[in-house]
Amino acid sequence: MENSNESRPPRWPIWLLRFFLKASYLEEIEGNLEERFHDNLLAYRKRRAKFEYVRDALLHIRPALMRNWAGQKKLNHISVFSLYIKSAFRILLKNRAYSIINLLGLSVGMGVCLVIFQYTYLELSYDQFHTDHDQIYRVIIEETNGAGHESYPNGIGYGFAPAAMDEIPEITGYLRKERVNRVATVTNPDNKRVFYEEVNDLLFADAGFFELFNFPLLRGNEKSVFNDSYSIVITEKTATKYFGDEDPIGKRLVISGPPSPGEYLVTGVLEDIPLNTHWQFDFLIPIKNYIEYGWGGAVKRNDDWNGFNVINYLKIEATADKLAVINKLNAMIAARRTEEDTRKQVSLQPLKDIYLESGHLSYQGHFDSTGSIRDILIFGIISGFVLLIAWVNYINLSVTQSIQRTKEVGIRKTLGAIRHQLMAQFISESLLLNTLAGALAIGLAFLILPLLSNFLDKPLEMSLVRLPEFWAVFLAFIVLGAIVSGIYPAFLLSGHQPIVSLKPQANSPRTSVFRKGLMVFQFLISFLLITATYLVYEQVSFLKTRELNVDMEKILVIKGPRVVPDKKKGLENFKVFRTEMARHANIEAVTGSLFTPGDFWTRPYRQPGVPGNEAAYSRTFYTTLNFAETYDLEFVAGGPFTREMPDEKVVIINEAAVAAFGFESAEQSINQKLAGKSGGRNERIVGVVKNFHWHSLREAHEPYVIGLYENNLTEHVSIRLNTSDLSNTLTDLRDSFEKFFPGNPFDYYFADSAFNKQYQSEQKFSQLFLFFSILAIFIGCIGLFALVSYNANLRVKEIGIRKVLGAHVSVILVLLSKQYLRLFAVSILLGAPVAWLAGNRWLNHYDTRIPLSLPVFLVPSIVMLLIATLTIAQRTIRTARANPVNALRNE
Amino acid sequence: MKKNRLGEFQELILMAVILLREQAHGNEIQRELESRLNERLSMGAIQTALKRMEDKGLLTSEWGEATPVRGGKRRKYYTATPYARKVLEEMTQVRSQMWQSIHDLKPERL
């Protein structure tokens, strides 16, 4: 056309019209304007014609011709949405493999999250089912002596709580409780059912138990169950255990073993104790029994403020000033102070904090179930990451799919779909997939929960599904997930220009920074998890192979006899049994002890001349003769206990104790005396052994004091075997045990398994990390595979041409893989410092630890590299080896 | 009757469409009316009237040929429906009746 620049009308009014007017009117109007412009060109000068054109165009912008700004209002929303869902279903079915992989990734991620959520929910609910839980506190005694400071829940005598109730009006209730770290047997004398009851199964408590707490009584009257000192309340499952289907009320139970053996009358049956409370027990005995008869009357004979200690719970009026109450309690204790050099003060720990936030207060010996807020946090964070990885994966997979769907988008757009309709469609797809995954996840959660339950040794159930609030949160999560994972693909896909979408060869976007970031994130999380798994595993293996200086292999521990009608005869039998067993061909040595590896008392000891407040807290337990031989302790001075030595008067200590008590050398300490904190004990050192690990290697060597207890029945008998013929030896042991101690159950375990129980939490962590890292890698690899496929598809032609021009398969492999390897390297560079810091922090909890060396990071990197390379190779080899003709022939 | 009422402008356009027969497209309608009325009209106003009448069922339309003059865009041709003719006739009738009544008035009343 001549003078084309001059004779064209301006373009911008058309843009305006296109923006404002109904699309269906545009063609006619634009045509009219153009035609009119040409007419005008003949009649007027160009400028005039242009002016007229603009004027005419702008005057089209009037309401009747404008597009419908409310957009979809005229469409039926529900039917449009159901169309989206229908097409989403078709698309999911069309790409079955992709849908299944995606669904799997999402539902596994969600399922794991659900289970962890359930666990966290349980852990956070401890002790909160009591109506007045916010008014109940546990009394913590803060003891200051000299420079030392100790705090424990059982630092004061049984006189404290009743006095507090009397003197301080704000205190409306109290409970004293006592649990004993010794084994007892309980017998039903009528049907001869007898069982060992573990340390924490017997609980001595005040009648306040029923007032303060909401443990419902199934049988018996709250007011009168504790009227008699020898009454006993049992849980439902215990009732079944001892009485079967009979009514236990008014029946007898005989308890043999400390602290208060005797015949008890069942006066009540408690509903089974719920899991989410910090005290689990089977028997409830009035504490007045303990005070009156405990330890053969020793409790009563002692001072009721400083003697035998109990744990106290106080109920304080909700409106009361807590600080004022604490001050009054402190004043009350100060007024009764007897130990000049020790100052005792109280702090009050809210009931709900006892389970999770007790720290050292929950140290062994108090027998409360404890949780760890740290574990919950770690669980939560990791499962959150797994969910994130699953979402990221969805994004990657969807974008991969987009290559096949650009045509669909192009056609939809050509047919008039607007961008937000397309986005709504893609989000609907994501919503559908997330909902399906959610439904699957609920099912999966029911499958995984028993595993977790087994793993944590805690009977968990999916109680959350009964809460309506849970469903609200769950739905919110599905919608959030749908949006989080759907928004990016929706943006990306709906943004394609139709013309570009329909001609894919024009469409060659490289992987965007955002997606590379996602990939790095996935690699990073996987790397951290694998490193954690490896680190914990290495550390635990390292601990297990350390020289303990005590030999626990091949030591069988049987529980000592408890039901012994005649004390003297029983003790006689006990000694004979031990000697007889020691003579057995398969047995090397036998010893009795109050505790087995990992367990001990903590007691202060000092040299007689040293002030009481400088007494060193030492780990103590009592044994019979032959202890050092059985456990293979190595003496550096002195020697083992001998038959002539008197009970509770001689001790063997370790090297750490030599230093702690201020002796110059092991030799020098022999025949020296040790005293308790406030005098009392008077024990002679007969031997010093090399430091040994009775406790886990997490801790450094502590002072140990081992006392002689030859003329007592001990809770445990340790037997060193020199054979692998376990079953015959066991039969002989059982026969002999039952001959000497009829009516006692024969119960045994291995010393090293008891010792290794201390590493349970580490092993659990290691397993947990392993599980999560497998999960993360699995999900991550799906994503990686998808990404590789995407890029390989985009470059099919390029590769074809390269091959035609003579490129070797290996060159192409490198070409296809190197960008992932780069991403991989980036994530390791980012992850290594995080892993180093966190790993170091964790390892610092251990006295004996592995160094953080290169292999700790190298091994996980190599493992990951291997997995990643395999995943990449899966796809790239196929692409690289494909016949270039196929790639180039089809357009 | 009320429903069928046409605005003055719409009525003019409708008549133009009928007059132009097969040639009744936007620009032609404009040219026809402009020449008859001897004044410039706004294309937007004509478009609006056409669309409104189409919505009311007075007009139907169909796409015609695309021409280079129109930048490759097709013309849209309008046809009056029989209903439109009926409405137009009714209106003209009412009008002429009223005009007759005006004529019949006494001169002083005028």
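Let's start with S383(A), which sits in helix α13 of chain A, residues 373-414. Helices here are DSSP runs of H or I with at least four residues, strands are runs of E with at least two, and both are numbered from the N terminus. Is S383(A) buried or exposed? S383(A) counts as buried because it has 23 C-beta neighbours inside 10 Å. The cut-offs are these: a residue is buried with 20 or more other C-beta atoms within 10 Å of its own, exposed with 12 or fewer, and partly exposed in between, with C-beta atoms placed from the backbone.

Which residues does S383(A) touch, leaving aside its neighbours within four places in sequence? They are V112(A), C113(A) and I116(A), where contact means that C-beta atoms, placed from the backbone, lie within 7 Å. S383(A) and G111(A) are 272 residues apart in sequence, yet their C-alpha atoms are 9.7 Å apart.

A quick word on what you are looking at. This is a predicted model, in which local features need pLDDT of at least 70 and side-chain atom pairs count only at pLDDT 80 or more, while totals for chains, interfaces and linings use all residues. Residues are numbered from 1 along each chain as its sequence is written, and chains are lettered from A and ligands numbered from 1 in the order in which they are written.

Now chain A as a whole. It has 28 helices and 25 strands, and of its 891 residues, 40% count as buried. Taking the contacts in chain A between residues at least 6 apart in sequence, 82% join residues at least 24 apart.

In one of them, α17(A), residues 513-545, packs on α26(A), residues 809-843, at about 35° with the axes 8 Å apart. The axes are lines fitted to C-alpha atoms, for helices over the stretch in contact, and the angles run from 0 to 180 degrees between N-to-C directions.

On the scale used, under 35 degrees is roughly parallel, over 145 roughly antiparallel, 65 to 115 roughly perpendicular, and the rest oblique. N573(A), V576(A), F577(A), E580(A) and M581(A) of α18(A) make the contact with L733(A), S736(A), F737(A) and F740(A) of α22(A). They divide into six nonpolar, two polar and one charged.

Over to chain B. It has four helices and two strands, running α-α-α-β-β-α from the N terminus. Of its 110 residues, 28% count as buried. For contacts in chain B between residues at least 6 apart in sequence, 45% join residues at least 24 apart.

The axes of α2(B), residues 26-37, and α3(B), residues 43-56, come within 10 Å and cross at roughly 115°, so the two are roughly perpendicular. G26(B), I29(B) and Q30(B) in α2(B) meet M43(B), I46(B) and Q47(B) in α3(B). That contact has three nonpolar, three polar and no charged residues.

Buried residues of α3(B) include M43(B), I46(B), L50(B) and M53(B). What do the buried residues of α3(B) pack against? They pack against α3 and α4 of chain A, together with α1, α2, β1 and β2 of chain B.

The contact takes 16 residues from chain B and 16 from chain A. On the chain B side, α2, α3 and β2 each give two or more residues, and α3(B) gives the largest share, six residues. The chain B side divides into two nonpolar, seven polar and seven charged residues.

Technical notes:
Contact = placed C-beta atoms within 7 Å. Nonpolar A, V, L, I, M, F, W, Y, C, P; charged D, E, K, R; others polar.
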